[in-house]
Amino acid sequence: MKANVLIMIGAAIMLVGAICFAYRLYEIVQIDARSRGFKHPKTWGLCSISSNNGSGLLLYLIKRRKYPIIELSKEDMERIEKSKKAISAVIIFVATGAILIVVSLVSQ
């Protein structure tokens, strides 16, 4: 019974981490696409997080090679750096949830 509760807690931690990761990645891609002059930066942000295997992000990274940065304000650069730091914290958060699940499965 205790192991099941720990598995659910670990899964909840991983879910919250995955949602935060997706939002921060969306924000980085959207800012980058806007600074490069893409027509629909929000759509590119959604496309980058929409697939499970990362093909949307890969498509964006391939497409952006043709577009140099036109205008990137200091505020946008700070938001990107803040999002990068948050992604690092989120990865640790997700790893903690995964470790909690594995430990609770092994202890059953």
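Trainee: What are the ground rules for the values?

Mentor: The model is predicted, so local features need pLDDT of at least 70 and side-chain atom pairs count only at pLDDT 80 or more, while totals for chains, interfaces and linings use all residues. Residues are numbered from 1 along each chain as its sequence is written, and side-chain values use heavy atoms, with hydrogens and water left out.

Trainee: How many salt bridges are there?

Mentor: A salt bridge is a side-chain nitrogen of Lys or Arg within 4 Å of a carboxyl oxygen of Asp or Glu. The count here is 7 salt bridges.

Trainee: Which side chain meets Arg36 in a salt bridge?

Mentor: Asp32, at 3.0 Å from N to O. Buried means under 20% relative accessible area, exposed over 50%, and partly exposed in between (1.4 Å probe, protein chains only). Arg36 is buried at 10%, and Asp32 is buried at 11%. Asp32 also pairs with Arg64 at 3.0 Å. Asp32 lies in helix α1 (residues 2-35) and Arg64 in helix α3 (residues 55-64), so this pair ties together parts 32 residues apart in sequence. Helices are DSSP runs (H or I, at least four residues), numbered from the N terminus.

Trainee: Which residues are linked in a network?

Mentor: Salt bridges link Arg24, Glu27, Arg34, Asp76 and Arg79 in a network.

Trainee: How many disulfides are there?

Mentor: A disulfide is a covalent bond between the sulfur atoms of two cysteines. The criterion is a pair of cysteine sulfur atoms within 2.5 Å, and the count is 0 disulfides. Cys20 is partly exposed at 35%, and Cys47 is partly exposed at 23%.

Terms used:
Helix = DSSP H or I, 4+ residues; strand = E, 2+ residues; numbered from the N terminus.
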